[in-house]
Amino acid sequence: MITLRREVNRWFRQLGPGLYGLACSGGADSLALADAAIAVLGAHNVVVITIDHGLQPDASDRVVEWARGQGAAAVKRRVQVERRASLEAAARDARYAALDAIADELGLSWVWLAHTARDQAETVLMRVVRGTGPAGLAGIPAVRGRFVRPLLETRRELDAAYAAARALPVWDDPMNRDRAIQRVRVREQLMPALRAENPAIEDALVRLAASAREWTHALDELAAPLASFPMPAAAPAD
């Protein structure tokens, strides 16, 4: 519990005061982050945001009730998910659009997301399977615009232990067991096979992402001065 709150406090000191949005699905990761943020930042500085994707029964009402019981503001937003090949990607796009809109409406300084080291490792592995370059290997960024992932280097087991110690009302999303979703197949099939070869495979993939981010950042800085050079004129056609 101390470790999780320490990480939240570290990010708070880095980002500074403001009104913080906490995206919360009701799972162990997001509830643990929301609870730790309320404890560290103060309930008056936190808005818990829960998105109802309309795909199945969810925990959004329970999240709102829990957050308000902690003295924090809470917002529930229903989104329309476009039916396409990747339902996971469509739900993600709808969710981020809603979070962006809510942040604008409420004047949120930041929106925190509860991705952990496991999510980072799975993302890197999924991109390797699909085929990617250094930018893809960099995985999920800790900060992108107003979105911040303070637990990206934290093992999910710490979140689960925190949620259990705090007796948080964790909801188990059945989509986390749906093998029609690529991330679930990676989690339940590929990662265990790789873990048999390297018990620390999650840590190895997280380090790979960090190394790729460092290299791509260095290359971007080296290439930046060249962006101002005029492009040579194309040779005339024969």
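Buried here means under 20% relative accessible area, exposed means over 50%, and partly exposed is whatever falls in between (1.4 Å probe, protein chains only). Tyrosine 20, with a relative accessible area of 0%, is buried by that cut-off. The structure is a predicted model, so local features need pLDDT of at least 70, side-chain atom pairs count only at pLDDT 80 or more, and totals for chains, interfaces and linings use all residues. Residues are numbered from 1 along each chain as its sequence is written, and side-chain values use heavy atoms, with hydrogens and water left out.

First, the overall picture. Of the 238 residues, 43% count as buried. Contact is taken to mean heavy atoms within 4.5 Å. Looking at contacts between residues at least 6 apart in sequence, 76% join residues at least 24 apart.

Next come the aromatic rings. A pair of aromatic rings is described by the distance of the centres and the angle of the planes. Rings of Phe, Tyr and Trp (its six-membered ring) pair if their centres lie within 6.5 Å, and planes under 30 degrees apart count as stacked, over 60 as edge-to-face and the rest as tilted. The count by this rule is three aromatic pairs. In one of them, tyrosine 20 and tryptophan 112 have ring centres 5.1 Å apart and planes at 85 degrees, so the pair is edge-to-face. This pair ties together distant parts of the chain, with tyrosine 20 in strand E1 (residues 20–23) and tryptophan 112 in strand E4 (residues 110–112), 92 residues apart. Tryptophan 112 counts as buried, at 0% relative accessibility. Phe12, Tyr20 and Trp112 form one aromatic cluster.

Another pair is made by tyrosine 96 and phenylalanine 147, whose ring centres are 5.1 Å apart and whose planes sit at 80 degrees, so this pair is edge-to-face. Here too the pair links distant parts of the chain: tyrosine 96 belongs to helix H4 (residues 87–106) and phenylalanine 147 to strand E6 (residues 147–148), 51 residues apart. Phenylalanine 147 has 8% relative accessibility and counts as buried.

On to helix packing. Two packed helices are described by the angle between their axes and the distance between the axes. The axes are lines fitted to C-alpha atoms, for helices over the stretch in contact, and angles run from 0 to 180 degrees between N-to-C directions. Angles under 35 degrees count as roughly parallel, over 145 as roughly antiparallel, 65 to 115 as roughly perpendicular and the rest as oblique. Helix H2 (residues 28–41) and helix H7 (residues 156–165) have axes that come within 8 Å and cross at roughly 65 degrees. That makes H2 roughly perpendicular to H7. On the H2 side, Ala28, Asp29, Ala32, Asp35 and Ala36 meet Arg156, Asp159, Ala160, Tyr162 and Ala163 in H7. Sorted by class, the contact of H2 with H7 has six nonpolar, no polar and four charged residues. For this sorting, Ala, Val, Leu, Ile, Met, Phe, Trp, Tyr, Cys and Pro count as nonpolar, Asp, Glu, Lys and Arg as charged, and the others, Gly among them, as polar.

Aspartate 35, which lies in helix H2, is buried with a relative accessible area of 3%. Leaving aside neighbours within four places in sequence, aspartate 35 is in contact with Arg5, Trp66, Tyr162, Arg166 and Leu168.

Helix H8 (residues 182–197) and helix H9 (residues 201–223) have axes that come within 9 Å and cross at roughly 100 degrees. H8 and H9 are therefore roughly perpendicular to each other. Met191, Leu194 and Arg195 of H8 make the contact with Ile201, Glu202 and Leu205 of H9. By class, that contact has four nonpolar, no polar and two charged residues.

Arginine 78 sits in strand E3 (residues 73–78) and is exposed, with a relative accessible area of 56%. Not counting residues up to four places away in sequence, arginine 78 touches Asp52, His53 and Gly54. Alanine 167 is in the loop between H7 and H8 and is exposed, at a relative accessible area of 64%.

Notes: Helices (H or I, at least four residues) and strands (E, at least two) are DSSP runs, numbered from the N terminus.
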